[in-house]
Amino acid sequence: MKQDQWTAEEYREFLRTGREPVRAAAPTCCQPAKPSGVSLEDDPPKRNKYGNRKTVVDGLKFDSKHEAEVYQALSARLRAGELKCIWRQVRFDLGGGPNASEDSRYAYYADFVTVDQENRVTVIDAKSEATRQNRTYINKKKEVLAVWGLEIEEM
């Protein structure tokens with residue numbers, strides 16, 4: 001691009017950085033221009049694999065309406081004194097070898113972990129019938145039992 005074609009702002013940027021301005025190429029027949037007045041933000045949100053919808057309850061974000069309902073049921077049990085505490089999104093490390101980095105280790109994230117008045121730990125997952133049949137979930141459920149000795153309760 002020639003200097004006499006630069007705008008004043010492009011020239012100031014050139015003086016500041018020493019780099020020539022880069023302009024976006026005009027749309028070609030293969031790259032149609034987006035109609036004016038339409039932005040990328042107007043595109044509808046992508047549908048989740050199982051059709052779940054993000055939900056907010058008590059200021060907490062949940063991945064599905066069902067998970068939020070399970071949380072509300074557990075919260076009621078906590079208020080009634082049946083449970084001592086509830087934890088959300090607890091990570092259970094399932095291995096990956098002795099030299100595996102933290103990022104490459106295989107893990108299972110439980111939706112909820114509760115402790116009752118007798119100090120019994122319960123791992124709870126909010127699962128639909130479709131996700132209960134997911135092969136990855138089934139394998140991780142078996143590994144949690146084998147590695148941690150904890151049975152996952154599905155709601």
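Ground rules to start. Residues count from 1 along each chain as its sequence is written, and side-chain values use heavy atoms, with hydrogens and water left out. Because the model is predicted, local features need pLDDT of at least 70 and side-chain atom pairs count only at pLDDT 80 or more, while totals for chains, interfaces and linings use all residues.

Let's take the sheet. Four strands form an open sheet in the order S3-S4-S5-S6, with mixed pairing. Strands here are DSSP runs of E, at least two residues; helices are runs of H or I, at least four; both are numbered from the N terminus. Pairing means that DSSP finds at least two bridges between two strands.

Which strands stand at the edges? S3 and S6 (152-154) do; each has a single partner strand, so one side of each is left without a neighbour in the sheet. On average, neighbouring strands are turned by 35° against each other, direction ignored. Axes are lines fitted to C-alpha atoms, for helices over the stretch in contact, and angles run from 0 to 180 degrees between N-to-C directions.

Inside the sheet, S4 and S5 (residues 121-125) pair in the antiparallel sense over four bridges. Thr-114 has Thr-122, in S5, as its bridge partner.

Now the helices. H2 (residues 65-80) packs on the sheet and touches S3, S4 and S5. Contact means heavy atoms within 4.5 Å. The direction of H2 makes about 140° with that of S3. H4 (residues 135-148) lies across S3, S4, S5 and S6, and runs at about 140° to S6.

H1 (residues 8-17) is another matter. Of its 10 residues, the number buried is one, so H1 lies largely in the open. Buried is under 20% relative accessible area, exposed is over 50%, and partly exposed is in between, with a 1.4 Å probe and protein chains only. Just after H1, Gly-18 takes a positive phi of about 85°.

Two residues other than glycine also have positive phi. Asp-58 has phi near 55°. Asp-58 sits in the loop between S1 (55-57) and S2 (60-62), and at 62% relative accessibility it counts as exposed. Gln-89 has a phi of about 50°. Its place is in strand S3, and at 34% it counts as partly exposed.

Last, Arg-105. Where is Arg-105 found? In the loop between S3 (83-93) and S4 (107-116). Arg-105 is partly exposed, at 22% relative accessibility. Its C-alpha atom is separated by 7.1 Å from that of Asp-93, 12 residues apart along the chain.
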